[in-house]
Amino acid sequence: MDNTKSLSDEDKAKVQQPVTPIQTPPPECVNPKDIRLFRDPPWKLRLTIAGDRSYLMVRVVRAAPLSQPSRYICFLDEKNEVIWTVEDPSVLDADTRRILEEELDQRYMTAVIEVINSLRNEFGVSYWDVQTNRGNREFVVRNVSESAQWVSARRLLLIDVDGNRFEIPDIDVLDKRSFGLIDMVI
Amino acid sequence: MQPFIESLPPEVDAKLQSAKPSEEQVLIQVSADFSDDQAYGEKWLVATKLRVLVVPADGAVEEIPLDAIQDVKTEELVGGGCLVVERKSGAPVYLHYSSSLIPKFAEVAQGIGQLSKGKPLELPTEMERTRCDKCGRLLPEKDSKCVACIKKWHTLIRIQSYVNPYRVQLTLVVVITVIGVLINLLPPLITERIIDDVLIPLSNFNLLVWLVAGLLGAYLFSWLSEIGHTALSCWLGFRAAEDIRAKLYRCLQFLPIRFYDKHKVGALISRMTNDADRLEDFIAFEVPYVISNALLLVGIFCLLLYKNWVLTLYVLLPVPPIVLGGIFMWNRLTRFWRLWSARWGRFSSHLNESITGIRLVKAFAQEDRESTVFDRHNDALRQVNVSGNRAWFVFYTITNFLMSFGAFFVWYFGGKQVLGQEFKLGELTAFISFLWMLYQPLRWFGDSYNFMLRAFAGAERIFEVMDAPSEPFDNPNARNIPKIDGRITFKDVMFGYDPGKPVLRDINLAVEPGEMIGLVGKSGVGKSTMVNLICRFYDVTHGTLQVDNEDVRNVRIEDLRSQIGIVLQEPFLFNRTIAENIRYGNPEASFDEVMRAAIAAEAHDFIVAKPDGYDTMVGERGNKLSGGEGQRIAIARAILHNPKILILDEATSSLDTATEKKIQAAISKLIEGRTTFAIAHRLSTLRNANRLVVLDEGKIEEIGTHAELMGRKGLFYNLVKTQKETSAVMAVGGGKEDPGSE
């Protein structure tokens, strides 16, 4: 937004003077190549920062699972404190990346809606019967037009009454009938 | 049937039978709704007193002997969860399930834990229903009414039920309407006689005079009945609408806090205003005419059939396509108006938020952006309005056009009959008059169709709020405790705002009447949650919370809450006078009592210094007062309320030291003789507490006096130490906010 439109030139010059930005501490300097995720024993996830330290119980989470699903991945220790955040996992070594993907797949149980078999909206409650990437599922959403979350202009996240998550990555890709059904309730 | 013994499909049962000795009794038998960690499907978990078996739909059965189990726990994932059975050696067994089954598996995990430790199995005997018993549909809220089954009552019947209390007036409206309809049928019959008996034979002037007089009389009575009808039906309609609004407001007042956790305030207000307005218009201006127009329709139709049934059939030709079109348009238009209501809700919600937060908007110079967001909502509203009205208008004009076809048929075929002398001219003109009269209610139905659908969409949203389960105020078995002693006991209390995500665990605490308890801990450990449970804003998930040795669920909510006083960090004051705010919990209090409460709260001095003294309006949310002033009024309010149980949730944390001292003095007067729960970040302010309860991760970590806990050098000691260090740093750094503040 342009705050300066009603200011005189002199004032503008003042406003445009360089301001020292607020210093934020840099993230902990860890060389991504030193990070290693592994499982030992096979059901325990561990993380080692080479030449530094090792964590026995680790969890992998997305910092922003909706807007940045494949970037900004955080490693948490047993106390849920962040060990380190990797902005772009592709800098990690291949094994670590594979384990990271597996862990993320397990943690996020969101289903992707592919086809809507039926959708009824009555008394502020919508009844969905859908085909997803995880199989068929029925669910109920209260006040769908108020509670549906638009992640972006065409991407939709639905959270049902129990907290299950269903995503439509692009509503334009849906078949015509499914789109028509969605269009009528949201 | 026991909720934790679910029936098995035959093939799974066969697998199970071969995996365990048949005499071994099944204690837990439940299914998960994920076949592995990725796909929906079924996977069964069976527990006996010797082993746990995991039976997949396809694949081998996995067996874990109970004595090999190290621990059983549930892990929270995003959109679901996972039951983990850890073995003393070897890989754990996992069972994934969706969020819908989190409550069930939380119980199952506890159950298997009990079995593996050799304890008796204690599982709830009932689980909440997730599907409607009648129609099998998923329920929007567990154990709630099925909205789809309620719908069979139908919206119209429910709206009508609000008119029922005014049966006498309604009957009167109907009687006047019937008379009006009958009178309205007279003029065409009279004109028929004028044409056939006077104008065509060109004689009988006397009859003409009588007939014209009759015509005049008919119009006069018709006018009178119209006046009576409108006056009465307006009265009736607005009365009914007022009742609906009152009921809705009452429902909103009595809905549990949980309901407000899920709904936006703006959207709720829109139901109260907009949706109720639509319904009001419908009841006042449409419902009465439904009756009169339906009667008129039937009356005219019978007359037409009587006059000339062949011609009547021609008139009816356009009706089937109109009816079909109407049925098709019903769903389409209803959806549009539902959408309109929902968008209006969002519009109003944004409006509410941005106006309430106007200071913040301005402080960050975001007026333009807020306006853009507003424009977007506004535009969305216009779009659905345009689409809805366009659809309706097309339907309406086509209907009108089709209906006028009837008139063409009548002129053509009726004219032919007159020429063939089968039908008299007067009869034909009367017939055509009746035909136009028939179109009038038909057209009205077309017009009001749109209003009706809009009103129905609004009514649905209103009834949705009314149908939400309210707090159990009317529990007939609840005990009256008009005078509480103030003994509070937590017994094995577990609680989570969402099932399966406990915020408080294993809370055991007995508080004696008059004791002051300080609740201490980092933010988010459950201090405020404990207080919420005492007020019964929420019910415990497990265990019991007792007041005077009675389960709080068996105490009348009114009795309980009327004896609890709360002072919050940011006191909520209503936009009324200071005196009225102090009197809020005790409206009968005399001015003398109000003043004494204010004196005790150290508020009297600043109140009387104001030009209007106790009659000063405090502004919305008390914004004309300073934080400390508002706080002291809230304390005075609590003092006057004279509760047996007092809750101070960060009551002094937002104040400067001088004001805090004054308020501390006020508070120490307030807590005398009352059971008090105080939450404070400045640990030094809790020095006077009889006992301090230190919470960590939802559990009680330490209990003791200030001195005892300091001596123990445990969690509390560390908290105090950190706070001292941070305040030293803060003093150097210019006083940033307390890092742990909630």
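Trainee: With which residues is Val525(B) in contact, leaving aside its neighbours within four places in sequence?

Mentor: Val525(B) is in contact with Leu695(B), Asp696(B), Glu697(B) and Gly698(B); a contact requires C-beta atoms, placed from the backbone, within 7 Å. This is a predicted model, in which local features need pLDDT of at least 70, side-chain atom pairs count only at pLDDT 80 or more, and totals for chains, interfaces and linings use all residues. Residues are numbered from 1 along each chain as its sequence is written, while chains are lettered from A and ligands numbered from 1 in the order in which they are written.

Trainee: What makes Val525(B) count as buried?

Mentor: Val525(B) has 21 C-beta neighbours inside 10 Å, and a residue is buried at 20 or more, exposed at 12 or fewer and partly exposed in between. Val525(B) therefore counts as buried.

Trainee: Where is Val525(B) placed, and how far is it from Val694(B) in sequence and in space?

Mentor: Val525(B) is in the loop between strand E10 (516-520) and helix H14 (527-534) of chain B; helices (H or I, at least four residues) and strands (E, at least two) are DSSP runs numbered from the N terminus. Val525(B) is 169 residues from Val694(B) in sequence, yet their C-alpha atoms are 9.5 Å apart.

Trainee: Why are H6(B) and H13(B) called oblique to each other?

Mentor: Helix H6 (residues 205-254) and helix H13 (residues 425-467) of chain B pack at an angle of about 45 degrees, with their axes 9 Å apart. Angles under 35 degrees count as roughly parallel, over 145 as roughly antiparallel, 65 to 115 as roughly perpendicular and the rest as oblique. H6(B) and H13(B) are therefore oblique.

Trainee: Which residues make that contact between H6(B) and H13(B)?

Mentor: H6(B) supplies Ile244(B), Lys247(B), Leu248(B), Cys251(B) and Leu252(B), and H13(B) supplies Ile462(B), Val465(B) and Met466(B). By class, there are seven nonpolar, no polar and one charged residues.

Trainee: What makes H17(B) oblique to H19(B)?

Mentor: The axes of helix H17 (residues 591-600) of chain B and H19(B) come within 8 Å and cross at roughly 125 degrees. That angle makes H17(B) oblique to H19(B). Glu593(B), Val594(B), Ala597(B), Ala598(B) and Ala600(B) of H17(B) meet Ala636(B), Ile639(B) and Leu640(B) of H19(B) in this contact. Those residues divide into seven nonpolar, no polar and one charged.

Trainee: How do you know which residues touch the most other members of the largest nonpolar core?

Mentor: A nonpolar core is a set of buried Ala, Val, Leu, Ile, Met, Phe, Trp, Tyr and Cys residues joined through C-beta atoms within 7 Å. Of the 68 residues in the largest one, Leu519(B), Ala598(B), Ile635(B), Ala636(B) and Ala678(B) touch the most other members. Helix H19 (residues 627-641) of chain B gives the largest share of this core, seven residues. A second, separate core of 36 residues includes Ile176(B), Leu236(B), Ala241(B) and Ala342(B).

Trainee: What does Ala636(B) touch, not counting residues up to four places away in sequence?

Mentor: Ala636(B) touches Ile582(B), Ala597(B), Ala598(B), Ala601(B) and Ala603(B).

Trainee: How many residues does each chain give to the contact of chain A with chain B?

Mentor: Chain A gives 32 residues and chain B gives 37. On the chain A side, E9(A) contributes the largest share, seven residues.

Trainee: How much of chain A is buried?

Mentor: Buried residues make up 25% of the 186 residues in chain A, which has four helices and 12 strands.

Terms used. Contact = placed C-beta atoms within 7 Å. Axes fitted to C-alpha atoms, helices over the stretch in contact; angles between N-to-C directions. Nonpolar A, V, L, I, M, F, W, Y, C, P; charged D, E, K, R; others polar.
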